[in-house]
Amino acid sequence: MDILLVASAFNSLSQRVFAELSDEGHHVDVVLASHGPDAVRDAVRETSPELIVAPMLKSALPEDVWRDRTCLIVHPGPPGDRGPSALDWAIAQEASEWGVTVLQAEAAMDAGDVWADGSFPVPPAGKSDVYRNELADAATAAVLLAVRRYADGSYKPRPQSEGGIHVVWRDFFRQEQRRIDWEHDDTATVLRKLRGADSQPGVRDEICGREVFLHGGHPEDRLRGEPGELLATRAGAVCRATRDGAVWIPELRPRKSSGDPAPFRRPAASVLSGFPAPPGSGPGMPGSNDRPYWLPEIAAPLELPPDRTTWTDIRYRQRGAVGFLTFSFPGGAMSTTHCRRLLAAWRYALTRPTSVLVLGGARDFFSNGIHLNVIEAASDPAGESWSNLNAMNDLVEAVLRTTDRLVVAALGGNAAAGGVMLALAADEVWCRAGGVLNPHYRRMGLYGSEFWTYSLPRRVGAETAERLTSEALPVSAATAERIGLVDRLVPVAARDFAGEVERLAAGLAQDPDLPGRITAKATARHADELQRPLAEYRRDELARMRAVFFDPEAPYHALRSAFVRKLPGDSVRPTATGGGQ
């Protein structure tokens, strides 16, 4: 069937729906609704689709389109739920279970006949995490069912006027409802508000007399202070006291009207570094681009004791002969600092007596490669691009050169660009079913690095590697396994991924063939090095990337800026585009 996917942005859910519809044999074209109603009309006229599918639109489809053709809207709420902020309300009201509905477009918002629906548990996680995982699982299953029903031709969608469907209108969830009362809200309330806006729109607040948006929240178990007081920084995050505890906030976003030249999400400590010190903080030390001098940097141990509940973005733990190096960076983006810290943790993990080392294993994003927001905010974006890429290469090379144990990359969620290549540096790649991989760089105007010219053809063959990088389309976890990008699908819910990875890794460590596999791995790496050293792959890739980074006219700079600042990009019809990073 010819399907037109109309998306507000080609984000994780849209990419997953695109990939899994394609897996079922449908021809899927994509157009961004953000380009305006005429772009949608043009796409309909040019592709003449049999069916239109629209996941989570922020604006209505043109009336002449939905009156002329069947249009299936994916709404992030159960049948009967209506309004533009369904998932926000579910998190704010602490719903233990929520739903998604695939309904037919009509004049009244979210009021069309129901083609399919599904439900999912709502874990205590950030809204964007729930959106990419539990909600995406339910939504994709509902879309596939609705499309099958439409193709069959015999299914009659259910009117929402049917008995048993309770209609509830929920208005737009506004900043007034997100506001944190630092004097009176307890830690659990603060965390719920922060997590309910972790990616968008953030929680509007004031720090040091400046209005900012807070993105993300995690509990702190020991630091305490006056409600609202800034207490410390850690790995780019800032700790802030509540009335009965404290929370870590990983990212801040200055208001666009603030005059800040980088009014987009970036590590909280780097945003604070440009703020004036609060009264009474003393003369301090010289300023830093990474953190404010007037707050202490309080590190957390890499191997966090079991009685600690503090936040840290990189952790190591060991279970018998298996080591687990987990990491979780906002949006999956890895800055120069992230890469260097993770490399130091990797080197530490190699000193531990293990035969299997698992990299990743947390729910949600694995990695999306270099940190475009940090690069865009830098005084020298070209130089920061170069530093970030070299740090990413150092990390990937360290994984590739690990020959004394078996390495597993465990992808609990999506990966893109250099993040995919980081996974491919491992001996085995395990991916949660439902993950989406974007093994390409072209949509950001880049040739690519992280040893992709070695790892990708080695996995899938030269012809498939060329197709993946030139088409620049998202790949479902199932297709990734079929073509060799992934060795094992892990068909579990997001909340069960870490436990299942631990079980599988324990079995791998007990495999009597493991010593032989490690020996064969070392032999193969030595043979590959003799044929062509890794240093040559790195040199050739970086030469092409450097030429782009330091060319002010290269499309990369405009594409990066548009991506970070959420400006309209190029059309993605008739073939879809990945998100670059």
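Helix α13 crosses helix α14 in a right-handed sense, meaning that the near helix is turned clockwise from the far one by less than a right angle. The model is predicted, with local features requiring pLDDT of at least 70 and side-chain atom pairs pLDDT 80 or more, while totals for chains, interfaces and linings use all residues. Residues are numbered from 1 along each chain as its sequence is written, and side-chain values use heavy atoms, without hydrogens and water.

The axes of α13 (residues 452–460) and α14 (residues 462–471) lie 7 Å apart at an angle of about 120 degrees. In contact (heavy atoms within 4.5 Å) are W452, L456, P457 and V460 of α13 with A462, T464, A465, L468 and T469 of α14. By class, this contact comprises seven nonpolar, two polar and no charged residues.

Aromatic rings pair if their centres lie within 6.5 Å; planes under 30 degrees apart count as stacked, over 60 as edge-to-face and the rest as tilted. The count comes to twelve aromatic pairs, including these two:

| Pair | Centre distance | Plane angle | Class |
|---|---|---|---|
| W115 and Y155 | 5.9 Å | 40 degrees | tilted |
| Y316 and Y348 | 5.7 Å | 85 degrees | edge-to-face |

W115 in strand β7 and Y155 in the loop between α5 and β8 are 40 residues apart. Y316 lies in strand β17 and Y348 in helix α9, so this pair ties together parts 32 residues apart in sequence.

Relative accessible area under 20% means buried, over 50% exposed, and in between partly exposed. W115 is buried at 6%, whereas Y155 is partly exposed at 25%. Likewise, Y316 is buried at 2% and Y348 is partly exposed at 31%.

Definitions and conventions:
Axes are lines fitted to C-alpha atoms, for helices over the stretch in contact, and angles run from 0 to 180 degrees between N-to-C directions. Helices (H or I, at least four residues) and strands (E, at least two) are DSSP runs, numbered from the N terminus. Ala, Val, Leu, Ile, Met, Phe, Trp, Tyr, Cys and Pro count as nonpolar, Asp, Glu, Lys and Arg as charged, and the others, Gly among them, as polar. Rings of Phe, Tyr and Trp (its six-membered ring) pair if their centres lie within 6.5 Å; planes under 30 degrees apart count as stacked, over 60 as edge-to-face and the rest as tilted. Buried means under 20% relative accessible area, exposed over 50%, partly exposed in between (1.4 Å probe, protein chains only).
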